[in-house]
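This briefing covers one chain, topic by topic. Please keep the sequence and the structure in view while reading.

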Amino acid sequence: QNWCPRYHSIIHNTKPTDQIEPTKREIKHTHTHTSRRARYIQQRHPSSNNPAHTYAQKNMPILGLLKQVFSNKLVTDVRQPLFTFDIPQGEDTITYGFVAPDLLFWVELGVVLLVTAICGALTSILIYNYIVRQRGTWNAYLVGYGIIIPICIAFPYVMIPLLEIENKILKFCHISIFPILTMFRCSEAMYGFSPPSVEHSHQTFMLYYANIPHIRFDPKTHVPLKSSWADVKEKLYYFVYELCVVGAVLSFLSPFDYVPWTVEEKGDIVLLLEEVGSLFRWNHILNNLMGAILFERFLNAMLCGLALISTLSGFLPQDTMKSAIFGSTSPSDFWGRKWNLVIHNVLKRGVFKPVRRYYPKHVASAAAFLASGIFHEWILSGIFTSYKGYNLDKCTPKSCHDPIYGNTLAFFLWNGTLIVLEHACSHLFVFQWAKRTLPIPIISMMVVSCALPVAHWMTYNYIASDFFQNGEFGFPMILRQV
């Protein structure tokens, strides 16, 4: 009776005592329509019957935590020098300072990699059960082209605004890791070109999708090869070395706004006839060469970091990148055995081999370069427009750069044309003689020179924006003090 007077009045046909005040629960709900348990839940969880509210309530703490991690937007460099030194220049003295990498940059980048690894592992479950096990059926293609690939395309346009990421390097990683790798790995799974041992079990398949560099497997036992402390030390050495090299390149190019030689650049692919000669001017060529070197070192540093993470997790990764600009002997050697082997491998298995099954080799090569050009254009869209509109009051020409589309696709189509020409002409005496006689650095520069005049089609949008300025946070640099 003291717990609930109304229950007492119903059972014994008496009125409740006046000394006992009704509870809030009794005021809000009547006993005739709600059970004890329902009233108990309703009092403590008033919106428990709303699935959307329940979902948001459960996931908001995680989303809030992620937003807190990315609360520092890393768009303005406020690092203080660890020490300074003066260099005399004529009658004046210029002060320079050494700044250390911003640890927060690498923390945020690590969270991005963690999110992409989790998404890759979860996606692998769907791909393994509904594509690998049903390969060749309409269901497999329906799941691949109708579910997995559309999810990958939409992923950056959802995650970047949701987490309120503004740093263009972090946005680049959100776009270029999980969505692109998963799309092409899904394609290789649909057409049966996954790497050996990957489809041996759920665990190996999930490990493959969760890791960015391809993990090495024992071909007999199908077990991932374990890394040793010697491997960890080696990967750590290369990562630290690349950090220092990239920091030196950034320190040299940053004062020139990444264009060390003055030239009237045009990003447009359509050039008037009298402007074609400007593609071969020495200052334009040197600017493109420095942009290519910066791109290579920057990408190599990131890939070395990814290889280090895989090694620290106990697995032995395959090579990710080699000296492409100064160590290639042909266009196919540059793109096929040196430059960004992570992307090369998924393009080879996800595009080249499926097309090669039905068409000649040169058609398959052209298809791979076409796919590469399209997804690089898509990367530009994600970096420069997916979060457009934030902080418009702080907008600068570089931070709010409006990208020029079509140039990147043209750049990869041009390089695909070079590959086709190589296949047609590599047997000629002059090319065989040069390959046997000339030093590799000279051959490599001849190879690179075939694309250098139009390299700005690839690098223009990144250099004209604050893309590399957003990456300066992660590297040791020597900066001029104002």
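Two strands pair if DSSP finds at least two bridges between them. With that in hand, Val 99 stands opposite Met 477 in β3. The model is a predicted one. Its chain has 19 helices and three strands. Of its 482 residues, 46% count as buried. Among contacts between residues at least 6 apart in sequence, 73% join residues at least 24 apart.

**The sheet**

- The three strands form an open sheet in the order β1-β2-β3, with antiparallel pairing.
- β1 (83-89) and β3 (477-480) are the edge strands, and each of them pairs on one side only.
- Neighbouring strands of this sheet are turned by 30° against each other on average, direction ignored.
- Seven bridges link β1 to β2 (residues 92-99) in the antiparallel sense.
- Opposite Asp 86 stands Thr 95 in β2.
- Ile 87 faces Ile 94 of β2 as its opposite residue.
- Pro 88 has Thr 93 in β2 as its bridge partner.
- In a regular strand, side chains alternate between the two faces of the sheet.
- The hairpin of β1 and β2 has two residues between the strands, and Gly 90 there takes a positive phi near 70°.
- β2 also pairs with β3 in the antiparallel sense, over four bridges.

**Helices α7 and α8**

- How do α7 (residues 168-176) and α8 (residues 178-191) pack? Their angle is about 15°, and their axes are 3 Å apart.
- That makes α7 roughly parallel to α8, because angles under 35 degrees count as roughly parallel.
- From α7, the residues in this contact are His 174, Ile 175 and Ser 176. They meet Phe 178, Pro 179 and Ile 180 in α8.
- By class, the contact of α7 with α8 has four nonpolar, two polar and no charged residues.

**The nonpolar core**

- In soluble globular proteins, nonpolar side chains tend to be buried together.
- Here the largest nonpolar core has 108 residues.
- Which residues have the most contacts inside this core? They are Ile 131, Phe 411, Tyr 462 and Phe 468.
- Helix α11 (residues 282-312) gives the most to this core, with 14 residues.
- Leaving out residues up to four places away in sequence, Ile 131 touches Leu 126, Ala 140, Val 143, Gly 144, Ile 148, Cys 186, Ala 189 and Met 190.

**Helix α18**

- The buried residues in α18 are His 456, Trp 457, Met 458, Thr 459, Asn 461, Tyr 462 and Ile 463.
- Of these, Tyr 462 is also among the residues with the most contacts inside the largest nonpolar core.
- What covers the buried residues of α18 includes α11, α14 (361-385), α15 and α19 (467-471).

- Asn 407 lies in helix α15 (residues 407-425).
- Is Asn 407 buried or exposed? Its relative accessibility is 1%, so Asn 407 counts as buried. The cut-off for buried is under 20%.
- The C-alpha atoms of Asn 407 and Ala 455 are separated by 9.6 Å. These two residues are 48 residues apart along the chain.
- Asn 340 lies in the loop between α12 (331-338) and α13 (341-356).
- Asn 340 has 12% relative accessibility, so Asn 340 also counts as buried.
- With residues up to four places away in sequence not counted, Asn 340 touches Leu 299, Leu 303, Thr 320 and Met 321.

Notes:
Residues numbered from 1 in each chain as written. Predicted model: local features only at pLDDT ≥ 70, side-chain atom pairs only at ≥ 80, totals over all residues. Heavy atoms only, no water. Axes fitted to C-alpha atoms, helices over the stretch in contact; angles between N-to-C directions. Parallel < 35°, antiparallel > 145°, perpendicular 65-115°, else oblique. Contact = heavy atoms within 4.5 Å. Nonpolar A, V, L, I, M, F, W, Y, C, P; charged D, E, K, R; others polar. Core = buried A, V, L, I, M, F, W, Y, C linked by side-chain atoms within 4.5 Å. Buried < 20%, exposed > 50% of the residue type's maximum accessible area, 1.4 Å probe, protein only.
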